[in-house]
Amino acid sequence: MTLTCQVSINEALQHDVRRLVLSLPSAARFYAGQYLSLTVGDRAFPFSIANAPGADHLELHIKATEDSADSALIEQYLDDHPNSVTIDYPLGQCFLSQVPAQPVVLIAAATGITQIKSMFDWLTAQSSAQMVHIYWGVVTPADLYLDDYFKAAAAHAKVTYTPVVSGDHNAWTGRAGLVGKAVQQDIKNLNDHLIFVSGSPSMVYGTLDLFTAEGFDPKNMRSDVFDYAPRSA
């Protein structure tokens, strides 16, 4: 559906990530993990919803990308602080509509963490949820703009959180390398888990190939990439 939403918050989360919060009519519903498209001029841009369903708002995390004409267009539009925006929503088939019977692994690359956060927030509010493992892969430690949020959540008995930095940073003492490798090293029985991956097509398919090479069944992995960028035979 197409909605016009009032903008209630338009602020910086960190130097290159913006938090945009839109008011939501009570009748409009979505599932954890779905996304929307934001109309800017005569174009529409997809953004994952960062909050769990059930609230009266939609939260977006919008990262500015250097040397991107699309990003510059979006930033210029939002820098003008519009009072309202037009969206199409809800979109996407990679979501949670019920609590899985098995433990869940949530894997994000960069701002793919927004979709993962929505799923995580919804799952951890359900008393019947099994273990939830979050893995967040970024290039630099500075990209971990929700690090404190997930560290606090990992104090919960049913949550683990593992940030993974792929760039060469001497000050970083945590996990390094590919985020999929970290998952593979930690969780030996991947087929006993339901896995959601949010990132670029190359990251998602690279992670899938890494897992299937060790006997993982692809039917246990979910990603929007499988719908919008299907592999050719």
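Okay, one term before anything else: when I say a residue is buried, I mean that its relative accessible area is under 20%. Keep that in mind, and keep in mind too that what we're looking at is a predicted model.

So let's start with helix 2, where that term really gets used. The helix is mostly covered, with 11 of its 11 residues buried. That run includes Ile113, Gln115, Met119, Asp121 and Trp122. It also takes in Lys117, and I'd like to stop on that one for a moment. How accessible is Lys117? Its relative accessible area is 7%, and because that is under the 20% cut-off, Lys117 counts as buried. And what is around it? If we skip the neighbours within four places in sequence, Lys117 is in contact with Ala50, Asn51, His61, Leu146, Tyr149 and Phe150.

Two of those names, Tyr149 and Phe150, come up again when we turn to the aromatic rings. They belong to a cluster that ring pairs link together, along with Phe120, Trp136, Tyr145 and Tyr161. And Phe120 brings us back to helix 2, where it is one of the buried residues.

Overall, the structure holds nine aromatic pairs. Let me show you two. Trp136 and Tyr145 make an edge-to-face pair, with 5.7 Å from centre to centre and 85° between the planes. Trp136 has 0% relative accessibility, so it counts as buried, and Tyr145, at 15%, counts as buried as well. The other pair is Tyr205 with Phe226, and this one is tilted: 5.6 Å centre to centre, with 50° between the planes. Here Tyr205 sits in helix 5 and Phe226 in helix 6, so the pair ties together parts that are 21 residues apart in sequence. As for accessibility, Tyr205 is buried at 10%, while Phe226 is partly exposed at 25%.

The largest pocket has a volume of about 740 Å³. It's lined by 28 residues, and the closest to its centre are Pro46, Phe47, Ser48, Thr111 and Gly112. Which element gives the most to that lining? That's strand 4, with four residues. Other elements that supply at least two residues each include strand 5, helix 1, strand 11 and helix 6, and our helix 2 is on that list too. If you sort the lining by class, you get 12 nonpolar, 13 polar and three charged residues.

The second largest pocket comes in at about 340 Å³. It has 21 lining residues, and nearest its centre are Ala109, Ala110, Gly137, Val138 and Ser166. Here helix 5 makes the largest share of the lining, four residues, and strand 8 and helix 4 each supply at least two. The classes split into 11 nonpolar, seven polar and three charged.

Ala110 lies in the loop between strand 7 and helix 2, and at 41% relative accessibility it counts as partly exposed. There's another one like this: His81, with phi near 50°, also positive in a residue other than glycine. You'll find His81 in the loop between helix 1 and strand 6, partly exposed at 47%.

While we're on the backbone, where is the cis peptide bond? It joins Tyr89 and Pro90, with omega about -10°. Pro90 itself lies in strand 6.

Another loop residue to look up is Gly167, between strand 9 and strand 10. Gly167 counts as partly exposed, at 23% relative accessibility. Leaving aside neighbours within four places in sequence, it is in contact with Val138 and Val139, and Val138 is one of the residues nearest the centre of the second largest pocket. The C-alpha atoms of Gly167 and Gly206 are 17 Å apart, and the two are 39 residues apart along the chain.

Last stop, the cysteines. How many disulfides are there? The count comes to zero. Two cysteines to find on your screen are Cys5, buried at 1% relative accessibility, and Cys94, buried at 5%.

Methods
Residues numbered from 1 in each chain as written. Predicted model: local features only at pLDDT ≥ 70, side-chain atom pairs only at ≥ 80, totals over all residues. Heavy atoms only, no water. 1 Å grid on protein atoms, 1.4 Å probe; cavity = no way out; pocket = protein on both sides within 12 Å on 5 of 7 lines; lining within 4 Å. Points joined across faces, edges and corners; volume = space filled by probe spheres on them. Nonpolar A, V, L, I, M, F, W, Y, C, P; charged D, E, K, R; others polar. Phe/Tyr/Trp six-rings, centres within 6.5 Å; stacked < 30°, edge-to-face > 60°. Buried < 20%, exposed > 50% of the residue type's maximum accessible area, 1.4 Å probe, protein only. Contact = heavy atoms within 4.5 Å. Disulfide = S-S within 2.5 Å.
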